[in-house]
Amino acid sequence: VSDLAHVRIGGNSTTPTVAIVGEIDISNVADIGNAIDKTVADAVVLTIDLTATTFLDSAAIGLLFELADRLHTTRRALYVVIPDDSAIRRLAKLSGLDAQVPVLPHGDDINRD
Amino acid sequence: VTGVGVDQQLGWLGRRPVRTQLVVVALTYYVAGQAGLRLSLVGRSVTPLWPPTGVAVVALLAFGRRLWPAVTVAALAINLPIGPTVAAAVVIAVGNTLAPIAAVVLLERVHFRIDLARVRDAAALVFLAGFAAMAISATVGTLALYRAGAVTGHNVAGAWSVWWTGDAMGVLVVAPFLWSFRRAPAGRGRNRAPEAVALSFLLVGACALAMLPSIPVLFMVVPVVGLIAWRFGERGAARADLVVSVIATIVAAHETGSFAGLSLLARMVTLQSFNATVVFTSLLLAAAVSQRADVAAVQREAVETLQRSLLPEHLPHVPGLELASRYIPASEHVQLGGDWYDVMALENGRYGIVIGDVAGHGIIAAAMMGKIRMALRAYAFDSNSCGAVLARLNALLRDVQEGATATVWYGRYDPRDRTLEYSNAGHLPPLLSGADGAPTQFLEEVHGPPLGAIGGVRFSQSQRVLDEGSTLLLYTDGLIERRNVSIDNGLAALRAQMRGNGTDLQAACDALIVGLVAEAAEDDIAVLALRLCGEAIEFHVQRPAVPASVPQVRHLLHTWLADHGITGDDSFEILIATTEACANVVTHAYGLKAGPMNVNARLSGNGLLVVVTDDGRWRTAATKDGGRGLSIIRSVMDEVEIVTTPRTEVRMERRLIGSTRE
């Protein structure tokens, strides 16, 4: 997506996982959003894996909120993975992301029912 | 092949095909032969200086012995017209080829160097290449003439000696002359042309005198050649030798001056011994001079290198500190001593400060000091306390058992909160002065004995916060100790001297030494002064207010924070707040045309202030994120202030938690 971050898409088309490696901020949030959008159409459960994300700003949080809204209105689910020891964990709490989107410490913990 | 200067010998010709080399060498040999024949004393065969042998030795040494056919062919071409028979000419040509080959073999065996910079090179050229090898051509040539009947029994010895000396002089005079034109090493910078011109005139004058009819003053050129050899080394000597030999030969051929009224044999003997003396003496003198110069240069360089390696060439920049130092070794001739000072950047934004004194003087103390200085630096990087550094250094000195002892004061300064931790191993107490310049106190704590004195010692440490504007003076005993003066009186004198010093720190150090130390220092003196100059630790960056600038600013700030020991949560949350403030500027400050965005940070004590400014005005509250960025800023920073007129300025302060700062 840019020098700052790149996106890895895994899983299958109904339960895709988008892993973001690097930093997300105002300079690349639109590109990251576009990359995620490609997986949204067929997704039933979308997982955004931020395990390898080293930096996140409010624009990225905004993107996640927006994504959660879009999926929820069509009765689909968004999960975000942030390990407990990640530097960005505190930001998820501060920004209220925790309260609106299920944030899991491991990708395996996702209960897909 | 011959150690040094092979490239220099080869030059242009070295890169040509062998065919070209053969032709050029043969032609040069032939021309040199024709020139030699013009110097003949009698007829066309008795020639006191035979330049082609020099050409042959130089060529075979430079390009390899495979060029021998060039020598044979050219020698044949010279000898056929003048030789008594064709067979004799062929034999002479063979002898003329064998002699330079033998010379080259002998020179290579003794690792001869064409720069003639060593006495052994000059000696090898004279005795091996000149006298020994040229006996071959003389013997072969004389036998050939004898067989052909051109020389009769009773003058075989005379013919042999003339041939031998002629060929030998050809090597001794012509070869160094040719070598003197090899590319010079990097110039010495000084223009020596006037001296060269003056000496050339002197030489021409002496030669002119020598050519005067009926006044035998040929010897007068000898001191001139010696002078040239002394001043211009082997290159000058070689060129002067050629001039003098040719002149002497001409004078001998004209039977004037020193050669007037002598028999042929006497002229021959006089000429040859004169030439041999001049060449031998000048080359030996040049080699001796350059050998001595080499030794002196090597010694000087060794001392300078050692000295440079022993003391820090530049003190590092320590934020908030002005530093000055002075070092005066006791020994006048060798600028080395056992005292030292050091300032080094440690991890976490701290700085190590050292003053020390190894017992003893001169080169032994200096070498020991170098080892201790480096060991201290190594320990400083992975020890938690100043006392631990000194304890490990003490154990090291005990362990190496070289009997060295050293007094050392080691401090660790943190510019953020101006704290100084220090531990003192038997060193004199540093003097602390207040902001008004008046000495306030000596840091009298001593935490242990001199290093290396007693094994297994633990060193405690002290800590204090230094005031802005205060000065800490570290010094070694050479500054205050005098015969018949007690240390207390010396310290009192230091205190008094320090009081009178002005604001310039370096000038203050110098004034201390001038005021306290007699002209000839009895002991090494090291002085290191630190003044807290109140300089804040600051970060400035300006970028256009576009999205791509935001990660750039963040990365620069990240590096700066890490450089000052700020990592972990402190760093991450400062970066979040700054990124949000920058994102606001990028999103809201300007219209279509992006203006500048400034980010400044200032670190003082435990507080960090980040100020993000722009030249535009934030358009209020049309933010689609509902002010999320601002709320993040407020939750990670302790104080946040936003000034919106005339331009927007976000001031964010944080008290550092310092989770990663020890």
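Student: Is the crossing of α4(B) and α5(B) left-handed or right-handed?
Tutor: This is a predicted model, in which local features need pLDDT of at least 70, side-chain atom pairs count only at pLDDT 80 or more, and totals for chains, interfaces and linings use all residues; side-chain values use heavy atoms, with hydrogens and water left out. Residues are numbered from 1 along each chain as its sequence is written, while chains are lettered from A and ligands numbered from 1 in the order in which they are written. A crossing is left-handed if the near helix is turned anticlockwise from the far one by less than a right angle, and right-handed if clockwise. By that criterion, the crossing of α4(B) and α5(B) is right-handed.

Student: At what angle do α4(B) and α5(B) pack?
Tutor: Helices (DSSP runs of H or I, at least four residues, numbered from the N terminus) α4 (residues 68-82) and α5 (residues 86-109) of chain B have axes 8 Å apart. Axes are lines fitted to C-alpha atoms over the stretch in contact, and angles run from 0 to 180 degrees between N-to-C directions. For this pair the angle is about 140 degrees.

Student: How many nonpolar residues take part in the contact of α4(B) with α5(B)?
Tutor: Contact (heavy atoms within 4.5 Å) involves residues including Trp68(B) and Leu76(B) of α4(B), and Asn96(B) and Pro100(B) of α5(B). Four of the contact residues are polar and none is charged. The nonpolar residues (Ala, Val, Leu, Ile, Met, Phe, Trp, Tyr, Cys and Pro) number 12.

Student: Which residues of chain B is Ser95(A) in contact with?
Tutor: Ser95(A) lies in the loop between α3 (89-94) and α4 (97-100) of chain A and is buried, at 11% relative accessible area. Leaving aside neighbours within four places in sequence, Ser95(A) contacts Ile61(A) and Phe65(A) in chain A. From chain B, its contacts are Arg628(B) and Ile632(B).

Methods. Helices (H or I, at least four residues) and strands (E, at least two) are DSSP runs, numbered from the N terminus. Buried means under 20% relative accessible area, exposed over 50%, partly exposed in between (1.4 Å probe, protein chains only).
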